[in-house]
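Trainee: I would be grateful for a close look at one part of this structure. Please take me through it step by step.

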Amino acid sequence: MLTLLRQEIYKQIHGKFYIGWPIVMLLMSLIGGYFISSNKHGFSHNGFAENIFSINIEFALIAMVVFSSTIMIGDFANNTVKYLFSRQFSRLQIFISKLVTTFFMYIYLIVMSYIFTFITKIIFASSGDFGMKYILQDMFGISWFLLLLLPMVMLVSNIVKNNGVAIALGILFFFASSIINPFSMLVMKKFEILKFNPINFLNINVQFTDHTMKAMTHLSLTSMEIGIVIYALIFTAIAYVIYNHRNV
Amino acid sequence: MKVLEVKNLNKKFGQKQALFNVTFDVEPGTILGLIGPNGAGKSTIMKSIVGLTSYNSGSIKINGESLTKNNRKSLQNVGSMIESPAPYLSLTGYQNLKLFNDGSTTDGEIQEIMKDTQIDSFCNRKAKKYSLGMKQRLGIAISLLNHPKLLILDEPMNGLDPQSTHDLRDLLLKLSKRGISVLISSHLLDELARIADYYVVINHGRVVKESDAKSFLSSDNQNIKFATDDTEKAYNALVQAGFEAKINDKIVEIKDDGDAMNKALAALNNAGLEIQDVSKDKADLEESLLNLLTEDNKKEETK
């Protein structure tokens with residue numbers, strides 16, 4: 001298992017992703033910082049870091065959609081899966097090593113988000129509060145959101161066996177909640193059970209910072225957290241079953 | 001102990017049966033050539049052995065240890081390259097070797113593998129810039145990592161130039177002398193004939209023949225050719241002696257069943273013929289295989 005983890009991390013360290021995305025995040029952070037600070041009407045040093053962190057974390061989120069899909073089926077696309085599957089390791093071990101690597105990548109991107117927020121704040125708004133409380137809330141909200149979104153992306157990747165489609169659907173899921181919320185609110189009024197649909201749980205990142213969302217989702221924050229864990233486990237388990245049964 | 005034991009392997013793709021009770025084994029330090037036409041099932045057998053594809057029934061043992069979906073420990077001793085090499089293209093050759101090393105191969109051994117497979121001159125270039133032959137050599141180098149006792153190579157000579165083919169042949173012979181067994185498939189039968197100790201012929205998913213190289217080549221369809229002062233008389237003498245003879249451009253040919261030469265010479269001498277030339281067909285793996293497959297296909301058709 002440690003060998004597999006080492007190998008997954010080795011691939012990432014020698015790949016472009018772990019350098020490329022943070023560069024994009026840093027650029028977006030600096031561009032965002034520039035535009036926010038140049039807004040002479042509403043610029044406040046106090047809310048600055050929170051806004052910049054939001055920009056960073058949203059790019060980290062898109063990065064994670066791309067990463068989770070690529071790590072899951074990239075080996076099939078490149079045929080490197082033949083080396084991976086023809087060794088002494090079980091497919092469960094390989095699958096788990098990919099999940100753990102995905103988690104490591106998320107931690108890495110979160111750390112980068114903090115660093116870039118800090119750098120941007122120092123450059124454009126050195127005074128004022130860092131807004132740590134809001135930033136942490138934002139981070140936890142997004143983490144719960146990803147806990148549901150990434151298993152969905154991994155499942156789709158394994159079903160469609162196509163990286164591009166999985167990434168597109170992942171990004172669609174990202175926007176799905178805001179697109180279908182007005183419609184689902186109407187339907188949920190009639191059919192209460194529909195509040196348990198997974199798309200409704202994708203509102204968690206908003207509900208984390210805005211508790212009035214409960215009126216729309218019909219779920220408490222705790223219910224959402226429990227639901228997300230259950231859905232994440234189900235989606236991951238199905239993704240593994242598909243992964244395990246693929247012939248090469 | 002046998003390095004590889006494949007017993008009654010059956011595999012279906014949907015409704016289509018791809019393998020029928022495939023059984024063979026590989027002895028330590030030997031090279032077994034798996035031969036047969038395209039689509040015969042060679043790659044499916046190799047994929048089943050390394051766990052790339054599941055099989056419906058049968059058993060596979062590596063070094064006496066059963067290989068199942070949940071017990072793959074025995075694959076620790078297996079290096080493989082199935083169908084085509086597929087290194088990580090964004091990594092260099094050396095990085096690919098470092099990546100697939102499970103920790104048991106030292107840096108010195110990696111250097112040795114690079115030398116043996118002759119990738120040391122380009123191992124610091126990204127694999128995406130490699131030609132097919134270079135990728136092939138890298139694939140073989142990867143299969144040599146982690147001290148394998150069994151190498152499974154599917155068409156390893158594809159894309160190699162004559163010099164590289166020659167070097168690979170030498171490398172495989174060297175490895176077999178070191179006690180490493182090799183299961184190899186190749187369409188380059190001439191090359192295979194120079195290294196294989198045993199052959200297993202696969203056709204339509206069945207083992208058609210399993211034999212050691214020497215008897216495989218000598219067992220069928222080698223002809224002995226006689227040039228005499230009287231072709232017609234020689235033909236009659238050989239037919240009378242019980243041979244199935246034929247005349248081909250003033251040469252009388254008979255099949256060599258191992259003992260035919262002496263008997264035929266005696267028959268021709270007894271008939272008072274002057275023997276001007278005697279020659280024996282050179283053992284040819286390709287011809288032997290083609291004859292075997294033709295016979296097998298005929299049997300299939302009559303079923």
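How many residues does the contact take from chain B and from chain A?

Mentor: Please bear in mind that this is a predicted model. In the contact, chain B takes part with 24 residues and chain A with 19 residues. On the side of chain B that touches chain A, α2(B) gives the most, namely three residues. By class, that side of chain B comprises 11 nonpolar, nine polar and four charged residues.

B:Glu83, found in the loop between β6 (78–81) and α2 (93–100) of chain B, has a positive phi of about 60 degrees, although it is not a glycine. Because B:Glu83 has 17 C-beta neighbours inside 10 Å, it counts as partly exposed. B:Glu155 lies in the loop between β7 (150–154) and α5 (162–177) of chain B; its phi is likewise positive, at about 50 degrees, and it is not a glycine either. With 19 C-beta neighbours inside 10 Å, B:Glu155 counts as partly exposed, since a residue is buried at 20 or more.

Within chain A, the axes of helix α1 (residues 2–13) and helix α5 (residues 91–124) come within 9 Å and cross at roughly 45 degrees. The two helices, α1(A) and α5(A), are therefore oblique to each other, and the crossing is right-handed. Among the residues making this contact are A:Leu4, A:Leu5 and A:Ile9 of α1(A), together with A:Ile94, A:Val100 and A:Phe104 of α5(A). Seven nonpolar, four polar and two charged residues make up the contact of α1(A) with α5(A).

How values were computed: Residues are numbered from 1 along each chain as its sequence is written. Chains are lettered from A and ligands numbered from 1 in the order in which they are written. This is a predicted model: local features need pLDDT of at least 70, side-chain atom pairs count only at pLDDT 80 or more; totals for chains, interfaces and linings use all residues. Helices (H or I, at least four residues) and strands (E, at least two) are DSSP runs, numbered from the N terminus. A residue is buried if 20 or more other C-beta atoms lie within 10 Å of its own, exposed if 12 or fewer, and partly exposed in between; C-beta atoms are placed from the backbone. Two residues are in contact if their C-beta atoms, placed from the backbone, lie within 7 Å. Ala, Val, Leu, Ile, Met, Phe, Trp, Tyr, Cys and Pro count as nonpolar, Asp, Glu, Lys and Arg as charged, and the others, Gly among them, as polar. Axes are lines fitted to C-alpha atoms, for helices over the stretch in contact, and angles run from 0 to 180 degrees between N-to-C directions. Angles under 35 degrees count as roughly parallel, over 145 as roughly antiparallel, 65 to 115 as roughly perpendicular and the rest as oblique. A crossing is left-handed if the near helix is turned anticlockwise from the far one by less than a right angle, and right-handed if clockwise.
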